[in-house]
Amino acid sequence: MEMARSSVPLIAVLCVSLLPLAAMAVGTPFHIEGCVYCDTCRFGFETVATKYISGARVKIVCKDRVTLKSEVVGKAVTGPDGRYKVAIKGDRQDQQCLAELVHSPMSRCHEADPGRSTATVILTRSNGAASTRHYANAMGFFRDQPLRGCASLRKLYLADGDERAI
């Protein structure tokens, strides 16, 4: 009887401490953040010559793993620094969700880099992550022609002595 009485306050504290987590899981949207860039050297990754795109359009698409039906669950436009933020309501459980490039307003930088045109985003609370803020990998468009100086810039990114890759 003594043991049962001493565990009641402990159980009460535990229940009260879990209430905010339960409330958050019900109605709080996910906040997805990412950025969009112009790959000015066509390297397939960000460099010191990368330009971030203002006004690029991005969408968040989730695909049901059973029916394979896709649904656009959010859209965003990048700000002056090439960053976007979008709030997504609802837990997507085991759906596969991607941030996808839609459009670049930057002249001479319209071709989506096939290796960096999408980014996986997690939109479920069933994976152990407590935060509702999730970050998508950067996505990029290729410039139609590389800038002058990209060949010398490439040398900075190569392993020592790997000149044959140029």
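**Cysteines, and one aspartate**

Mentor: Let's open with C97, which counts as buried because its relative accessibility is 2% (buried means under 20% relative accessible area, exposed over 50%, partly exposed in between, using a 1.4 Å probe and protein chains only). By the way, this is a predicted model, where local features need pLDDT of at least 70, side-chain atom pairs count only at pLDDT 80 or more, and totals for chains, interfaces and linings use all residues. Residues are numbered from 1 along each chain as its sequence is written, and side-chain values use heavy atoms, with hydrogens and water left out.

Trainee: Which cysteine does a disulfide join to C97?
Mentor: A disulfide here is a pair of cysteine sulfur atoms within 2.5 Å. C97 has such a partner, with an S to S distance of 2.1 Å. The partner sits in strand β3 (residues 57–63), 35 residues apart from C97 in strand β6; strands are DSSP runs of E, at least two residues, and helices runs of H or I, at least four, numbered from the N terminus. The cysteine you want is C62.

Trainee: Is the disulfide of C62 and C97 left-handed or right-handed?
Mentor: Look at the torsion about the S-S bond. For C62 and C97 that torsion is about 115°, so the disulfide is right-handed.

Trainee: How many residues apart in sequence are C38 and C109?
Mentor: These two form a disulfide as well, with their sulfur atoms 2.1 Å apart. C38 lies in strand β1 and C109 in the loop between β6 (96–103) and β7 (111–112), so the parts they tie together are separated in sequence by 71 residues.

Trainee: Which helix holds C150?
Mentor: C150 is joined by a disulfide to C41, S to S 2.0 Å. C41 is in the loop between β1 and β2 (51–52), 109 residues apart from C150, which is in helix α2.

Trainee: What is the nearest side chain of opposite charge to D39?
Mentor: D39 lies in strand β1 (residues 30–39). Asp and Glu count as negative, Lys and Arg as positive, with His and the chain ends not counted. D39 is buried yet has no salt bridge, meaning a side-chain nitrogen of Lys or Arg within 4 Å of a carboxyl oxygen of Asp or Glu. The nearest opposite charge is 7.4 Å away, on R42.

Trainee: How far is the backbone nitrogen of R42 from a polar atom of the side chain of D39?
Mentor: Here we look at the backbone of R42. Its nitrogen and that polar atom of D39 are separated by 2.9 Å.

Conventions
Polar contact = N/O pair within 3.5 Å; in protein donor to acceptor, adjacent residues only side chain to side chain.
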